[in-house]
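Please keep the structure open while reading.

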Amino acid sequence: MANAEMANGGPLKVMYLNPVGTSDYDEVFGAMARQVKLPGTEVHVTSLKPADGAFTHIEYRAYEAVVSGGIVRAARAAAAEGFDALAIGCFYDTALLDAREVSGDMVVTAPCAASLEIAASLANRFGIIVGRRKWVHQMHATVRDNGMADRLSGFYAVELGVNDFQADHEETERRLTEAGRKAVEEDYAEALILGCTLETGFHDRLSQALGVPVIDPSIAALKRAEYAANLKRTCGWTPSRRWSCEPPPEAELAALGIIDNTNVFGNRLVVRAQ
């Protein structure tokens, strides 16, 4: 039994939320969790109900707006279930600050913020490979808000949407490798962040090909959530819920009755602690 389990009477509990109303990619994230989580961590991979937006991606701000309410309700429900941490599985970091407001002492993170933290610990300059030019404006704002704009070598678009990534893995890998080579050899990026996941293990192949660390965003989000959960258990570092992080009053939430809905998840895949 891992130290965290012995000290606290149970495993670290982390939820990885696939923030769409379809379970199409849940098993992909489940396989990733089985490969990278610590033995003492239990991971629940969840997705929303179709009524919250039966999308296979949220590339568009309009789609994000539709699923944001479901993400907030999911964060509230996960906190009520006693999860230590929640990772919102979209590189736009959709509804991250909104979800934090209602998550109590549960840590909430998301792929872009998590990837930036990790990249900053590995290199002075990093590049971000993205699917489409459409994504760049919003993702650049997230990089800036996280204080990392000066360390960014650039965004490198491969002109593939989220669903296109899975259509032809060989072609996707070729484009990502070409974009990564440009970032490293022409713009001197010392690390790379993938703005969308191809498959678990691709980041290793790209890293070996280009000679710089390559960060998979789904792994980054899960491991950052797991790390924060461990720090909360062992060091007592719980999230602040004061000032800009202040949540709505509980009495007001109860009176409105629109956020506390425990029946929010459309699918759940559990990866048990060993």
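The structure holds three aromatic pairs (ring centres of Phe, Tyr or Trp, the last by its six-membered ring, within 6.5 Å; planes under 30 degrees apart are stacked, over 60 edge-to-face, the rest tilted). Tyr16 and Phe29 form a tilted pair, 4.8 Å centre to centre with 35° between the planes. Tyr16 belongs to strand E1 (residues 12-18) and Phe29 to helix H2 (residues 26-36), so the pair ties together parts 13 residues apart in sequence. Helices (H or I, at least four residues) and strands (E, at least two) are DSSP runs numbered from the N terminus. The rings of Phe55 and Tyr63 are stacked, because their centres are 4.1 Å apart and their planes at 5°. Phe55, Tyr60 and Tyr63 form one aromatic cluster.

The model is predicted: local features need pLDDT of at least 70 and side-chain atom pairs pLDDT 80 or more, while totals for chains, interfaces and linings use all residues. Residues are numbered from 1 along each chain as its sequence is written, and side-chain values use heavy atoms, without hydrogens and water.

Relative accessible area sorts residues into buried (under 20%), exposed (over 50%) and partly exposed (in between), with a 1.4 Å probe and protein chains only.

| Residue | Relative accessible area | Class |
|---|---|---|
| Tyr16 | 2% | buried |
| Phe29 | 11% | buried |
| Phe55 | 17% | buried |
| Tyr63 | 29% | partly exposed |

Asp26 is found in helix H2. Asp26 is buried yet has no salt bridge, and Arg268, the nearest side chain of opposite charge, is 9.5 Å away (Lys and Arg count as positive, Asp and Glu as negative; His and chain ends are not counted). The side chain of Asp26 makes a polar contact of 2.8 Å with that of Ser47 and one of 2.8 Å with that of Asn267. A polar contact is a pair of N or O atoms within 3.5 Å; within protein, one must be able to donate a hydrogen and the other to accept it, and residues adjacent in sequence count only if both atoms are side-chain atoms.

There are 17 salt bridges in the structure, each a side-chain nitrogen of Lys or Arg within 4 Å of a carboxyl oxygen of Asp or Glu. One of them joins Arg132 and Glu59 (2.9 Å, N to O). These two residues lie in loops, 73 residues apart. Glu59 is buried at 7% relative accessibility. Another salt bridge links Glu185 and Arg181 (3.7 Å, N to O), both in helix H8 (residues 169-185) and four residues apart.
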